[in-house]
Amino acid sequence: MSMPILMTVDDDPSVSRAVARDLRRRYGTDYRVVRADSGADALDALREIKLRGDAVAAILADYRMPNMNGIAFLEQAMDLFPHARRALLTAYADTDAAIQAINVVDVDHYLLKPWDPPEEKLYPVVDALVETWHAVGDRPIEETKLIGHRWSRPSYEVRQFLARNSVPYRWYSVDEPEASRLLDAAGATQEEIPVVITPDGKALRAPTGPEIAAAVGLSTEPTAEFYDLVVIGGGPAGLGAALYGASEGLRTVLVEKKATGGQAGQSSRIENYLGFPDGVSGAQLTGRARRQALKFGAEVLTARDVVGLTVRGSARVITFGDGSEIATHAVVLATGVSYRSLQAEGIERLTGRGVYYGSASTEAQSCSGEDVYIVGGANSAGQAAVFFSRYARTVNLLVRGPALERSMSYYLIEQLRAIDNVRVRVCTTVEAVEGEEHLERVTLRDASTGATETLPTNHLFVFIGAAPRTEWLGDSIFRDSHGFVCTGPDLLREGHRPQGWPLDRDPLYLESSVPGVFVAGDVRSQSVKRVASAVGEGAMAVALVHRYLEER
Ligand SMILES: Cc1cc2nc3c(=O)[nH]c(=O)nc-3n(C[C@H](O)[C@H](O)[C@H](O)COP(=O)(O)OP(=O)(O)OC[C@H]3O[C@@H](n4cnc5c(N)ncnc54)[C@H](O)[C@@H]3O)c2cc1C
């Protein structure tokens, strides 16, 4: 934790040095002493301190400074650090200055120079200043800071990005006074939000995922041009493949477009994963897997989107969204699935502003005491209902079918039944969502009677069927009619190998129609959509990669 700051400002460098020396002697072990020779320099230093998230306990400013006197300086300093205690230094008693100092900047003390001996004249004053500051002052905030608007989609996306990548951050709504102070210190305006301020004080205006990733220390650039294995997708399947690949000596890089963890990372509680009888949060499980993969030497790139996969001789070439490339001997494709869009009037406009896909755990606090609606009848929707029931007044689970039993595990149905504030509405669809700046109302249709009902709410979470996003793969990698990638025996048609298959053997079990490109997890046609099977397939794909490499 960094030390709070004592600042001294005096245009006479010898006086400024003397004050700083006396302050260090007495307070140096608990406070950092910062000195400046003018009001302007001191304000620059204070802006930097603000962005870094350090705390200022007290400011001692000389009154008679050219360009900006001590009172004008303290007035501006207060805009940045309203809780810092303030003392004005003067060479001789000046009643007008004293009155002005009290009226304008509410100074705590008025100190006459010279203050020798400091034990008698300076330290008692500074002791009183720091004591008052300790009682009411702010504390250093060393995490990343995010200033945004509660109902802005870009702000929501940055929150999600930071949360899902386990980057600790503090959120400031743009209408809070501290948000204005931070924006001022960064020289940014409200139009430029979301603004991210990194722990070392760098301000990023409306940043992209890769910009944030690079600034907060997540790897975004590969260290090599050629790998043994490239894993595309950082969900359980991809993490499994990267972990086993790296631990078995393959030079491995995993490329993830958003945050490692994939769908599992969004699960509030996975109850059915082997070895966790009390359940485990998806973020915990996948966070550990990521650490484990890194420990074995896998590279993990975050916020990098793969948009192309081509064959160049024996190499497989991966193209990133920015056009750059890496090559590899083998690939494990583990891109999973994403939620389908909910078809209801007004959805697109309000997404990220009250309508959210997935569990959006960052929104949990803001659901306190409110009525929340969740769309979906599968386990993911059930888990979200359990999670939000701890915060919301009521949780209303909207299920299209006539019963939950068809789509949700028995243990979850039982859990939901035991929670008082969860209501399940079957045969119900969302017809429309409305709101000016953010979601305010939702219109539901009862499929059995055709009746519609419009209800007030600020929160609608969507957990409906998921689809693979595999269009970018091109024609050489065969997919089924829903876009899932076909592998192994599913590629054989009446005993014939897929068109263009170049090898004198059948595709291996998890191998796609391109030799050396293996597929694991939810994106694979006919796969079981579970964490355990995704992890298992990731591990198995690596065993098949070894077989493929041996035959080359
Ligand atoms: C809320 C929720 C709760 C769930 N609960 C359970 C449970 O309790 N038990 C259970 O067994 N299963 C559960 N599941 C299902 C389980 O999470 C999935 O089956 C599992 O995550 C699939 O893993 P995967 O690695 O195949 O794909 P995903 O988890 O979908 O991960 C794929 C990753 O690939 C990335 N990606 C996609 N395209 C690209 C690209 N072009 N370039 C780079 N990266 C890309 C994505 O961003 C994503 O991170 C749940 C799912 C959800 C959504």
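1. Burial. In this predicted model, 53% of the 552 residues of the protein are buried. The accessible surface of the protein amounts to about 24600 Å², and carbon and sulfur atoms contribute 49% of that surface.

2. Overall architecture. The protein contains 15 helices and 26 strands.

3. Charges. The protein carries 58 positive and 72 negative charges. The mean position of the positive charges and that of the negative charges are 4 Å apart.

4. The segment before strand 1. Pro4 is located in the segment that precedes strand 1 (5-9). Is this residue buried or exposed? Pro4 has a relative accessible area of 13%; because this value is under the 20% cut-off, Pro4 counts as buried.

5. Surroundings of Pro4. Beyond its neighbours within four places in sequence, Pro4 contacts Asp30, Tyr31, Arg32, Ala55, Ala57 and Trp133. Pro4 and Val56 are separated by 52 residues in sequence, yet their C-alpha atoms are 5.4 Å apart in space.

6. The shell around the ligand. The ligand is surrounded by 33 residues. The closest of these are Glu256, Gln263, Tyr339, Gln383 and Asp522.

7. For Val531 it is a backbone N or O atom, at 2.9 Å from an oxygen atom of the ligand. For Pro236 it is a polar backbone atom, and the distance to a ligand oxygen is 3.2 Å.

8. On its own, the ligand has 1000 Å² of accessible area, and the protein covers 94% of it. Helix 10 (236-247), helix 13 (379-389) and helix 15 (531-550) are the elements that give two or more residues to the shell around the ligand.

How values were computed: Residues are numbered from 1 along each chain as its sequence is written. This is a predicted model: local features need pLDDT of at least 70, side-chain atom pairs count only at pLDDT 80 or more; totals for chains, interfaces and linings use all residues. Side-chain values use heavy atoms; hydrogens and water are left out. Helices (H or I, at least four residues) and strands (E, at least two) are DSSP runs, numbered from the N terminus. Buried means under 20% relative accessible area, exposed over 50%, partly exposed in between (1.4 Å probe, protein chains only). Accessible areas come from the Shrake-Rupley method with a 1.4 Å probe; for residues, only the protein chains shown count as cover. Lys and Arg count as positive and Asp and Glu as negative; His and the chain ends are not counted. The place of a charge is taken as NZ of Lys, CZ of Arg, CG of Asp or CD of Glu. Contact means heavy atoms within 4.5 Å. A residue is near a molecule or strand if one of its heavy atoms lies within 4 Å of it. A polar contact is a pair of N or O atoms within 3.5 Å; within protein, one must be able to donate a hydrogen and the other to accept it, and residues adjacent in sequence count only if both atoms are side-chain atoms.
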